[in-house]
Amino acid sequence: MNTIYNFSAGPAVLPKEVLQEAASEMLDWHGSGMSVMEMSHRGPEFMSILAQAQADLRELLHVPANYKILFLQGGGLGENAIVPLNLVGRKPQPATVDFIHTGSWSGKSLKEAKKYANVNIAASSESTGFDGVPDPSSWKLSTNAAYVHLCTNETIDGVEYHFVPDVGQQTNGAPLVADMSSHILSRIIDVSKYGVIFGGAQKNIGPAGLTLVIVREDLLGTALPMNVPFFLKDESLNAAFLAAAKERGLLQLKGHKSVGGMRASIYNAMPIEGVQALVAFMRDFAGANG
Ligand SMILES: Cc1ncc(COP(=O)(O)O)c(C=O)c1O
């Protein structure tokens, strides 16, 4: 058979040596007697594989110590929701996020972001058929954006950034979020210029099924709160607080028994009026009880 060359945009061709090594370890990974697909995903063998993969990537991309390397699921597309859900809560609501629209993938990302924030399309090359990156001097960035999103390589439209835009000054320090799905690991990047970098593995990294996220540590853990635990200043008023809340039609505010205090869970179906009623009640209660 003639040599086959696989030009797929992903899942893409993998180096023969990598496939051969994986095949040779398939029945017995490093003398463990198990294949990687049979071992505990929390056991020491797999933890060592994970740690090595993170260390290798940190070295290859010169990832600074204040950035975490995450291996997630959900693909690049999943990050279109995960990123806004984690970053817009850092700003007063409703937050604004800035997008540079350079093709299909940044288009998909901004469409998803509209579910969680006001989207400002700071620049777009749509009217010229996505023929390049608009000159950064023309970008209309917001002064208080939660982040600025770019797709640094538009796989479908063939538009690639060959520079890292400096958006900090205009946006009061908004982090740059970059979808690097289709060119990560093809070049040296200055990770420190970005807040979040993400990409599916199936092009330049490995097989499909894994999403790489590199995130600056200070941006972690800022998801919009779903469960809001709180404590009264005077905990002897807990019972009175709960009774008065019930009278106002505000139920189930008692905190989890392992921590005490109060907890308001505000899942998706809680209307904004419910949150407003709770806030008004808390103000009244605070006023009446000093
Ligand atoms: C730039 C870019 N972003 C996102 C995606 C979607 O990635 P996934 O299939 O991992 O969700 C792709 C897929 O080709 C892509 O090229």
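Predicted model: local features only at pLDDT ≥ 70, side-chain atom pairs only at ≥ 80, totals over all residues.

Visitor: What makes Ala81 in H3 a kink?

Guide: The bend at Ala81 in H3 is about 25 degrees, and it lies shortly before the proline Pro84. The bend is the angle between axes fitted to the seven residues ending at a residue and the seven starting there.

Visitor: How do you know that the span of H2 agrees with expectation?

Guide: The expected span is 1.5 Å times one less than the number of residues. H2 (residues 44–60) has 17 residues and should therefore span 24 Å; its end C-alpha atoms are 24 Å apart, which agrees. H3, with 13 residues, reaches 18 Å from first C-alpha to last, close to the 18 Å expected.

Visitor: Which residues does Thr143 contact, leaving aside neighbours within four places in sequence?

Guide: Thr171 and Asn172. Contact asks that two C-beta atoms, placed from the backbone, lie within 7 Å.

Visitor: What makes H2 "hardly covered"?

Guide: The count of buried residues among its 17 residues is 0. Just after H2, His62 takes a positive phi of about 50 degrees.

Visitor: Which residues of H3 are buried, and what covers them?

Guide: Gly76, Glu79, Asn80, Val83, Pro84, Asn86 and Leu87 are buried. Their cover includes S2, H4, S7, S8 and S9. In H4 (104–113), the buried residues include Trp105 and Leu110. H3 is among the elements that cover the buried residues of H4.

Visitor: How do you know that both faces of S8 are covered?

Guide: Side chains in a regular strand alternate between the two faces of the sheet. In S8, Val196, Phe198 and Gly200 lie on one side, Ile197 and Gly199 on the other, and all are buried. S4 also has both faces covered: Val148 and Leu150 on one side, His149 and Cys151 on the other.

Visitor: What makes S8 and S9 a pair, and in which sense?

Guide: Two strands pair if DSSP finds at least two bridges between them. S8 and S9 have 5, in the antiparallel sense. Gly200 stands opposite Thr211 in S9. S7 and S8 pair in the parallel sense over 3 bridges, and Phe198 in S8 is the bridge partner of Asp179. S4 and S7 run parallel, joined by 4 bridges. S2 and S4 pair in the parallel sense over 2 bridges.

Visitor: How many residues of each class are in the shell around the ligand?

Guide: The shell has 4 nonpolar, 7 polar and 1 charged residues. Nonpolar means Ala, Val, Leu, Ile, Met, Phe, Trp, Tyr, Cys and Pro; charged means Asp, Glu, Lys and Arg; the others, Gly among them, are polar. The residues around the ligand include Gly76, Trp105, Cys151, Asp179 and Gly200. "Near" here is a C-beta atom, placed from the backbone, within 6 Å. H3 gives the largest share, 3 residues.

Notes:
Residues numbered from 1 in each chain as written. Buried ≥ 20, exposed ≤ 12 C-beta atoms within 10 Å, placed from the backbone.
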